[in-house]
Amino acid sequence: MGDERVKNEALEILGLFQLLPRLVVFDLDYTLWPFYCECRSKRDMPKLYPQAKGILHALKDKGVNLAIASRSPTPDIANTFLDKLGIKSEIFSSWSHKTDHFQRINRRTRIPYNEMLFFDDEGRNIDAVSKMGVTSIFVGNGVNLGALRQGLSEFSQNHSPTDGKKQRQKSSKKSSSSETEDE
């Protein structure tokens, strides 16, 4: 499925929800792209997961802010790859816990945790960041339209006026987001 087609489908999904997150945060390795940065060279040309670029463009078109939270030991390579891919987003990186990244993101953006949506491929990060109030989605094979739909649905449920607290507790559980689309 081409980037433009994915973007259009992502825009349709985004249009189904009255309330969107103010900030969507992505992990890099095995969430946006299928490799570890530290195993690559700056000279390499990186490739995103098939639906990642269309999703990123759709979020930007809807005015949703984007950020990257990565524990990559090679942020210079990560930044080079993002530049090569034309992705403009600040990387909040360090070897510390993802919760530290989100504290920095919160201080920098002043966006409350409960107005953020996060995608990552590691269950421990999903669990820890969910406890901060961030709607967090586990992606098993990279971010895709199914994960986007699930994330927006859980984000919306977490902001339901009648049962938001109950739903917030449920969002911390892992989800497989196994829906995939053809390239």
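Reply: In this predicted model, helix α1 (residues 3-15) and helix α2 (residues 52-61) have axes that come within 7 Å and cross at roughly 50°. The crossing of α1 past α2 is right-handed. On the α1 side, the contact is made by D3, V6, K7, A10, L11 and L14. On the α2 side, K53, G54, I55, H57, A58, L59 and D61 take part.

K62 sits in the loop between α2 and β2 (65-70). Leaving aside neighbours within four places in sequence, K62 is in contact with L11, L14, G15 and L20. Two of these, L11 and L14, also belong to the α1 side of the helix contact. K62 and L20 are 42 residues apart in sequence, yet their C-alpha atoms are 9.0 Å apart in space. The relative accessibility of K62 is 41%, so this residue counts as partly exposed.

The axes of α4 and helix α5 (residues 123-130) come within 9 Å and cross at roughly 45°. These two helices are therefore oblique to each other as well, and α4 passes α5 in a right-handed crossing. The residues that meet are K98, T99 and F102 in α4 and N125, A128 and V129 in α5.

The next step is to the aromatic rings. The whole structure holds 6 aromatic pairs. One of them is F26 with F119, which is stacked, with 5.4 Å between the ring centres and 15° between the planes. F26 lies in strand β1 (residues 23-26) and F119 in strand β4 (residues 116-120), so the pair ties together parts that are 93 residues apart in sequence. Both F26 and F119 are buried.

F102 is buried, with a relative accessible area of 0%. F118 is also buried, and its relative accessible area is 0%.

V25 touches residues from both of these pairs. V25 is found in strand β1 and is buried, at a relative accessible area of 0%. Apart from neighbours within four places in sequence, V25 is in contact with A67, I68, A69, F102, I105, L117, F118 and F119. V25 and S89 are 64 residues apart in sequence, and 9.7 Å separates their C-alpha atoms in space.

Elsewhere, ring pairs link W33, F35 and F81 into a cluster. R40 lies over the face of F35, at 4.1 Å from the ring centre.

Conventions:
Residues numbered from 1 in each chain as written. Predicted model: local features only at pLDDT ≥ 70, side-chain atom pairs only at ≥ 80, totals over all residues. Heavy atoms only, no water. Phe/Tyr/Trp six-rings, centres within 6.5 Å; stacked < 30°, edge-to-face > 60°. Helix = DSSP H or I, 4+ residues; strand = E, 2+ residues; numbered from the N terminus. Buried < 20%, exposed > 50% of the residue type's maximum accessible area, 1.4 Å probe, protein only. Lys NZ or Arg CZ within 6 Å of the ring centre and 35° of its normal. Axes fitted to C-alpha atoms, helices over the stretch in contact; angles between N-to-C directions. Left-handed = near helix turned anticlockwise from the far one by under 90°. Contact = heavy atoms within 4.5 Å. Parallel < 35°, antiparallel > 145°, perpendicular 65-115°, else oblique.
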